[in-house]
Amino acid sequence: MLHRLVLVSMFASIAMLSPVTADPRRGEQNEAREDMKAGKIKRLPEIEAIIVPRMRGMQYLGPEYDPVAQVYRLKFINRDRVIFVDVDARTGNVIRQR
């Protein structure tokens with residue numbers, strides 16, 4: 001019984017000392033939401049409605065948001081090739097596709 005108690009307290013100590021890793025995408029989502037509420041950028045569904053139909057035959061993997069540049073990066077895959085489409089979040093214009 002004492003052995004179990006010692007083990008439980010050791011694991012509890014380790015858990016308390018372990019760093020909590022934040023999800024970096026959560027920060028992106030919050031910053032995108034704040035920029036959108038402030039009227040600085042377009043909503044993601046508006047951007048996706050413009051770009052996704054242009055990428056016929058490709059699977060849409062999802063977005064990332066760069067709050068400094070105010071750019072959405074939409075990721076697509078076509079067979080074995082990943083394609084990034086960088087879009088100005090203020091205007092919806094494609095900046096680059098690679």
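This is a predicted model: local features need pLDDT of at least 70, side-chain atom pairs count only at pLDDT 80 or more; totals for chains, interfaces and linings use all residues.
Colleague: Which residue forms a salt bridge with aspartate 86, with the closest N and O atoms 3.8 Å apart?
Modeller: Leaving out residues up to four places away in sequence, aspartate 86 touches several residues, including Tyr72, Asn93 and Arg98. A salt bridge needs a side-chain nitrogen of Lys or Arg within 4 Å of a carboxyl oxygen of Asp or Glu. The residue whose nitrogen comes to 3.8 Å from an oxygen of aspartate 86 is arginine 98.

Colleague: How many residues apart in sequence are the parts that this pair ties together?
Modeller: Aspartate 86 lies in strand S3, while arginine 98 lies in the segment after strand S4 (94-97). The pair therefore ties together parts whose separation in sequence is 12 residues.

Colleague: Which residues are joined with Asp86 into one network?
Modeller: Salt bridges that share partners make this network. Along with Asp86, its members are Arg73, Arg96 and Arg98.

Colleague: Nice! Now for lysine 75 and glutamate 64: which strands does their salt bridge tie together?
Modeller: The side chains of lysine 75 and glutamate 64 meet at 3.1 Å, N to O. Glutamate 64 is partly exposed, with a relative accessible area of 32%. Because lysine 75 and glutamate 64 lie in separate strands, 11 residues apart in sequence, the pair ties together S2 and S1.

Colleague: In the salt bridge between lysine 40 and aspartate 35, which partner is buried?
Modeller: These two side chains meet at 4.0 Å, N to O. Lysine 40 has 47% relative accessibility, so lysine 40 counts as partly exposed.

Colleague: Let's turn to the largest pocket: which element gives the largest share of its lining?
Modeller: About 230 Å³ of space lies in this pocket. Of the 14 residues that line the pocket, those closest to its centre include Glu28, Gln29 and Leu44. Helix H2 (24-37), helix H3 (44-51) and strand S1 (59-66) each give two or more residues. The largest share, six residues, comes from H2.

Colleague: Finally, how far apart in space are asparagine 78 and arginine 56?
Modeller: Asparagine 78 sits in strand S2 and touches Gly57, Met58 and Ile83, not counting residues up to four places away in sequence. Asparagine 78 and arginine 56 are 22 residues apart in sequence. In space, C-alpha to C-alpha, their separation is 9.5 Å.

Note on methods
Residues are numbered from 1 along each chain as its sequence is written. Side-chain values use heavy atoms; hydrogens and water are left out. Contact means heavy atoms within 4.5 Å. On a 1 Å grid over the protein atoms alone, a cavity is a set of points where a 1.4 Å probe fits but cannot get out, and a pocket is an open set with protein on both sides within 12 Å along at least five of seven lines; lining residues have an atom within 4 Å of a point. Grid points are joined across faces, edges and corners, and a volume is the space filled by probe spheres set on the points. Helices (H or I, at least four residues) and strands (E, at least two) are DSSP runs, numbered from the N terminus. Buried means under 20% relative accessible area, exposed over 50%, partly exposed in between (1.4 Å probe, protein chains only).
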